[in-house]
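Here are a few friendly notes to read alongside the structure. Take the points one by one, and keep the 3D view open as you go.

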Amino acid sequence: MINMPLEDRTALQDLMIAYCYAVDRLEHVDELLALFTEDAVLDFSAIGLPLMNGHGEMRKFYESVFKDMTHHAHYITNFRPIRYDGNSGAMTAYVIGIGHSKDGNEVTVNVQYTFEAIRTAAGWKCQRYSMFSMLPLPGSLAEIHGER
Amino acid sequence: MINMPLEDRTALQDLMIAYCYAVDRLEHVDELLALFTEDAVLDFSAIGLPLMNGHGEMRKFYESVFKDMTHHAHYITNFRPIRYDGNSGAMTAYVIGIGHSKDGNEVTVNVQYTFEAIRTAAGWKCQRYSMFSMLPLPGSLAEIHGER
Amino acid sequence: MINMPLEDRTALQDLMIAYCYAVDRLEHVDELLALFTEDAVLDFSAIGLPLMNGHGEMRKFYESVFKDMTHHAHYITNFRPIRYDGNSGAMTAYVIGIGHSKDGNEVTVNVQYTFEAIRTAAGWKCQRYSMFSMLPLPGSLAEIHGER
């Protein structure tokens, strides 16, 4: 078990939770981007979605997602520190992600997130966010997000 | 991000979790009421259920729910402090609420709770509890709880 | 509410979360057993599964489960300390457990775990782990795990 001070554990959990709230609000991409460093990498390739480099590519992806979806709910549990050196650290968590799209489709994913984060003057920010699926991926995931 | 000391965060999380255990036991309304101030307001109007004022109205509602349901399971995640001033504070969380009724109906709701709480001599208590649905409400919610 | 220091609460939560990660990896029984004392009792009888005494019986059970399942995802929430005396303590939690078996069956259980743990030189370890179902058990649970 990684030894991470409670304050930093809480900060990393808050960061991952804040991401869920931001992605579920489906409105303010800036609020979501503020959780990530400018050069953050988002690697969703393990579930057939894009690998993104930096705020520019992230903005394009999330603007498109927010436009297409009517509802999102991302339940995050099973927080687990996996790396810590004082000014950087990583945490994994389990997520049940539910989405409804404007064209009437629905998707539920059962995934594991990894957030690799660094301490900045403005608090902890995510530098690399990746995920993989814990269960076989539903076909509706590609239908909804496949073309991004 | 709201700055709430870890002890009070934990206390507010415990309060919300205690509510879930109490509502899932389907037995002791007093145990549930003890988590709320005498004059607490429960506003479920955003999901088509009652707005209640004080222990008296709450007792009537929960006695009726406990009589009608055979099983409850309320999973609570995504805790997030949204207000804090030392002696009062508020926290939101996501809930997957599953219910089975005596007449054989089933309902799952995907909701967000807000607990507005105050510090009392007997610990933190909820003064106002409201919720909204993160996904379209299932029809069975009105069938099961509609007449209260 | 039980008064358990934050450090020990975190340790017990970490133990229960570590169990979920270990049971979901479906690979390393030793990693899973290391979370339990040598003489730990696992009582799954309330959901129609075995009562096990000690690492030997646990190893047999989990080796068989890991061989039969292709996917596992155990979401753990609603942590609640229920006993604490400094060197031993107990915590409950809610779990949504999802499993897919090699023969194409699927099961979701909605259960409550209790971990009774003691402080050892190697950290907190579970001495007794029991569970019960919060909802009627699905038929596929006995189909998948019934013969162990």
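**Notes on the fold and the chain contacts**

1. Let's begin with a helix. In chain C, helix α3 (residues 54-68) lies across β1 (36-43), β2, β3 and β4, and its direction makes an angle of about 65° with β1(C). Please keep in mind that this is a predicted model.

2. Now look at the sheet itself. In what order do the strands of the open sheet in chain C come? The order is β2-β1-β6-β5-β4-β3, six strands with mixed pairing. β2 (51-53) and β3 of chain C are at the edges with a single partner strand each, so one side of each has no neighbour in the sheet. On average, neighbouring strands here are turned by 20° against each other, direction ignored.

3. Strand β5 (residues 106-120) and strand β6 (residues 123-133) of chain C pair in the antiparallel sense, over 10 bridges. To find your place, look for Val111(C), which stands opposite Ser133(C) in β6(C).

4. Chain A lets you see both kinds of pairing. Strand β5 (residues 106-120) of chain A is joined to β6(A) by 10 bridges, and these strands run antiparallel. The two form a hairpin with 2 residues between them, and Thr120(A) stands opposite Gly123(A) in β6(A). By contrast, strand β1 (residues 36-43) of chain A runs parallel to strand β6 (residues 123-133) of chain A, with 4 bridges joining them. Here Val41(A) is the residue opposite Arg128(A) in β6(A).

5. Next comes the interior. In soluble globular proteins, nonpolar side chains tend to be buried together. The largest nonpolar core has 107 residues, and among those with the most contacts inside it are Met16(B) and Phe115(B). Which residues does Met16(B) contact, leaving aside neighbours within four places in sequence? They are Ile76(B), Met91(B), Ala93(B), Tyr113(B) and Phe115(B).

6. How do the chains meet? The contact between chains B and C takes 14 residues from chain B and 11 residues from chain C. On the chain C side, β3 (69-84) and β4 (88-101) each give two or more residues, and β3(C) gives the most, with 3 residues. That side of chain C divides into 7 nonpolar, 3 polar and 1 charged.

Terms used:
Residues numbered from 1 in each chain as written. Chains lettered and ligands numbered in written order. Predicted model: local features only at pLDDT ≥ 70, side-chain atom pairs only at ≥ 80, totals over all residues. Contact = placed C-beta atoms within 7 Å. Nonpolar A, V, L, I, M, F, W, Y, C, P; charged D, E, K, R; others polar. Core = buried A, V, L, I, M, F, W, Y, C linked by C-beta atoms within 7 Å. Buried ≥ 20, exposed ≤ 12 C-beta atoms within 10 Å, placed from the backbone. Pairing = 2+ DSSP bridges. Axes fitted to C-alpha atoms, helices over the stretch in contact; angles between N-to-C directions.
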